Amino acid sequence: PLFHWIFARVSGQLCHGAVVGKNGRGLMLIGKGGSGKSTTSLLCLSRGWQYCGDDYVLVQGERAISLYGTAKLVERACPRFQAMAHRQERARDGTGKGKVVIWLDSSRITPELSLQCLVVASVSPQGTTSLESCSEAVALQALAPTTMLQLPAAGQASWKRLGRIVSGRPCYRLWLGQQPEEILRQLDALVD
């Protein structure tokens with residue numbers, strides 16, 4: 001809440017999402033909890049992508065700015081990324097959902113990336129990965145509720161800032177399948 005209040009004073013907006021990229025060009029993975037944002041962002045990091053942040057990032061103008069050197073994962077996903085964890089502990093969010101916070105070495109964090117597009121992450125019911133364009137309205141619907149419901153006193157000004165973040169940027173839905181290489185192949189096309 002304190003970050004939200006401070007950054008709002010300088011036209012910054014905290015966003016519930018993960019930002020990864022290549023060559024300074026980033027994409028924001030957005031969606032409800034459990035949609036695969038954190039796992040996908042760590043998959044990208046493990047394959048040489050730049051990692052700006054997970055769970056919450058700051059967006060100010062065209063830039064996504066790192067706030068934390070952590071990622072929050074469901075417990076079953078942790079073994080895949082154990083080698084990247086500097087430290088880990090169970091999240092103290094009170095939800096009982098079994099999430100684990102892992103701390104990444106600071107050398108693995110990219111302080112900021114130019115935000116190129118938004119990607120709504122969704123687990124594929126068929127288990128196959130695909131990428132499709134979606135409307136700004138669909139992206140805003142994936143970004144705004146999860147962001148605003150977690151930020152006390154987020155109101156009309158936050159809604160307007162979130163609308164500006166989405167407006168004019170390409171928006172996509174990524175159906176996450178079970179093949180990591182296919183996920184990376186689909187995302188590569190958005191930042192290369």
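Two strands count as paired if DSSP finds at least two bridges between them, and strands (E, at least two residues) and helices (H or I, at least four) are DSSP runs numbered from the N terminus. This is a predicted model in which local features need pLDDT of at least 70 and side-chain atom pairs count only at pLDDT 80 or more, while totals for chains, interfaces and linings use all residues. Residues are numbered from 1 along each chain as its sequence is written, and side-chain values use heavy atoms, with hydrogens and water left out. Strand β10, residues 112-123, pairs with β12, residues 171-176, in the parallel sense over 6 bridges, and within that pairing Val-123 has Leu-176 of β12 as its bridge partner. Strand β3, residues 25-30, also runs parallel to β10 and is joined to it by 6 bridges, with Leu-27 standing opposite Cys-117 of β10. Strand β6, residues 63-65, runs antiparallel to β10 and is linked to it by 3 bridges, and here Ile-65 has Glu-112 of β10 as its bridge partner.

**The whole chain and its confidence.** The protein holds 5 helices and 12 strands, and its mean pLDDT (the predictor's confidence in each residue, from 0 to 100) is 86, with 84% of the residues reaching 70 or more. Among the elements, strand β3 has the highest mean pLDDT, 98, whereas helix α1, residues 2-8, has the lowest, 55. Where pLDDT is low, the predicted coordinates should not be read in detail. Of the 192 residues, 49% are buried, a word that means under 20% relative accessible area, with exposed meaning over 50% and partly exposed in between (1.4 Å probe, protein chains only). Among the contacts with a separation of 6 or more, 73% are between residues 24 or more positions apart, a contact being heavy atoms within 4.5 Å.

**Helix α2 and its residue Ser-38.** Because 8 of its 10 residues are buried, helix α2 is largely enclosed by the rest of the structure; the buried residues include Lys-37, Thr-40, Leu-42 and Cys-44. Ser-38 belongs to this helix, which spans residues 37-46, and with a relative accessible area of 13% Ser-38 is buried. The side chains of Ser-38 and Asp-54 are joined by a polar contact of 2.8 Å, that is, a pair of N or O atoms within 3.5 Å, of which, within protein, one must be able to donate a hydrogen and the other to accept it, while residues adjacent in sequence count only if both atoms are side-chain atoms. Apart from neighbours within four places in sequence, Ser-38 is in contact with Asp-54, Lys-72 and Leu-73. After α2 comes Gly-48, which has a positive phi near 95°.

**Two nonpolar cores.** A nonpolar core is a set of buried Ala, Val, Leu, Ile, Met, Phe, Trp, Tyr and Cys residues joined through side-chain atoms within 4.5 Å. In the largest one, which has 31 residues, Leu-27, Leu-42, Trp-49, Tyr-51, Leu-104, Val-119 and Leu-187 touch the most other members. The elements that supply two or more residues to this core are β2, β3, α2, β7, β9, β10, β12 and α5, and α5 gives the most, with 5 residues. A second, separate core of 23 residues includes Val-19, Leu-113, Ala-144 and Leu-162.

**The loop residue Gly-177.** Gly-177 lies in the loop between β12 and helix α5, residues 180-191, and Gly-177 counts as buried because its relative accessible area is 15%. Leaving out neighbours within four places in sequence, the contacts of Gly-177 are Ser-124, Gly-127, Thr-128, Thr-129 and Ile-183.

**Two residues with positive phi.** Most residues other than glycine have a negative phi. Asn-23 has a positive phi near 50°; its place is in the loop between β2 and β3, and with a relative accessible area of 70% Asn-23 is exposed. Asp-55 likewise has a positive phi, near 75°, and is found in the loop between β4, residues 50-53, and β5, residues 56-60. At 22% relative accessibility, Asp-55 counts as partly exposed.
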